[in-house]
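Take a walk through this structure, from the overall outline down to single residues. Keep the sequence and the 3D view side by side as you read.

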Amino acid sequence: MLINWMGFQAPHFLADPILASIMVFLFKIWVSFPFMMLMSSAALSSVDPTVYEASTVDGANKFQQFWSITLPLIRPSTYISWVLMVIFCVNDFPTIYLLTNGGPVSATTSLVVLAYTEVFLNNQVGSGVAVAFLMTTVLVIVSVVLYRVIRKSSVAE
């Protein structure tokens, strides 16, 4: 309404391929933000305050405390949050399907929407299951790599 009041034509955010991709991206950030803030808050609250006190006595400034204490101690929780967010984003069917139905011009079609379309709309069960299997394989590989990074960083501390 504000754009119309100013004399401009209102953009069709979900009808233009570029704007639709941007809108889905922004919506996903908006939906994911509370989860990531909750995970970050939990990770930060798990850091023992006596470690900061000891580093202050040793002469560390705030940046050194953040870089040498906070980041290493919250690293495992951060990696777990990344794994979960990758899985949530790759498997996010409702956001894309309800906002754009995979369009316009397939600009917002993700693998999970493609698998659904192949199986239930095009009756191509083989290709839909192949897409879902490929997606699952990639998620398992990403999870294993990040798990090894978590394990390596935990052992090094």
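The protein chain has seven helices and zero strands. Helices (H or I, at least four residues) and strands (E, at least two) are DSSP runs, numbered from the N terminus. Along the sequence, the pattern reads α-α-α-α-α-α-α. This is a predicted model, in which local features need pLDDT of at least 70, side-chain atom pairs count only at pLDDT 80 or more, and totals for chains, interfaces and linings use all residues. Residues are numbered from 1 along each chain as its sequence is written, and side-chain values use heavy atoms, with hydrogens and water left out.

Start with the overall outline. The C-alpha trace of the protein chain spans about 65 × 50 × 20 Å along its principal axes. Its radius of gyration is 22 Å, whereas a compact globule of 157 residues would have one near 15 Å. That radius is taken over C-alpha atoms, and the globule rule is 2.2 Å times the number of residues to the power 0.38. Of the 157 residues in the protein chain, 24% are buried. Buried means under 20% relative accessible area, exposed means over 50%, and partly exposed lies in between (1.4 Å probe, protein chains only). Now consider contacts, meaning heavy atoms within 4.5 Å. Among those between residues at least 6 apart in sequence, 55% join residues at least 24 apart.

Which residues of H2 are buried? They are Ala-20, Val-24, Lys-28, Ser-32 and Ala-43. What covers them includes helix H4 (62–90) and H5. Phe-27 is also found in helix H2. Phe-27 counts as partly exposed because its relative accessibility is 27%. Leaving aside neighbours within four places in sequence, Phe-27 is in contact with Thr-95 and Leu-99. Phe-27 and Leu-99 are 72 residues apart in sequence, yet 9.6 Å apart in space, C-alpha to C-alpha.

Lys-28 brings in a charged pair. The structure holds one salt bridge, defined as a side-chain nitrogen of Lys or Arg within 4 Å of a carboxyl oxygen of Asp or Glu. Here the side chains of Asp-92 and Lys-28 meet at 3.5 Å, N to O. The pair links distant parts of the chain: Lys-28 sits in helix H2 and Asp-92 in the loop between H4 and H5, 64 residues apart. Asp-92 counts as buried because its relative accessible area is 10%. Lys-28 is buried too, at 16% relative accessibility.

The largest nonpolar core has five residues: Val-24, Ile-96, Val-112, Val-113 and Met-135. Such a core is a set of buried Ala, Val, Leu, Ile, Met, Phe, Trp, Tyr and Cys residues joined through side-chain atoms within 4.5 Å. Look at Met-135 in that set. Apart from neighbours within four places in sequence, Met-135 is in contact with Val-90, Asn-91, Leu-111 and Val-112.

Finish in the loop between helix H5 (93–99) and helix H6 (111–121), where Thr-100 is found. Thr-100 counts as buried because its relative accessibility is 12%. Leaving aside neighbours within four places in sequence, Thr-100 is in contact with Leu-14, Ala-20, Val-24 and Thr-108.

Most residues other than glycine have a negative phi, and most peptide bonds are trans. Asn-101 has a positive phi of about 60 degrees although it is not a glycine. Asn-101 lies in the loop between H5 and H6 and is partly exposed at 49% relative accessibility. Ser-106, in the loop between H5 and H6, also has a positive phi of about 60 degrees and is not a glycine. Ser-106 counts as exposed because its relative accessible area is 55%. Pro-104 lies in the loop between H5 and H6 as well. A cis peptide bond joins Gly-103 and Pro-104, with omega about -15 degrees.
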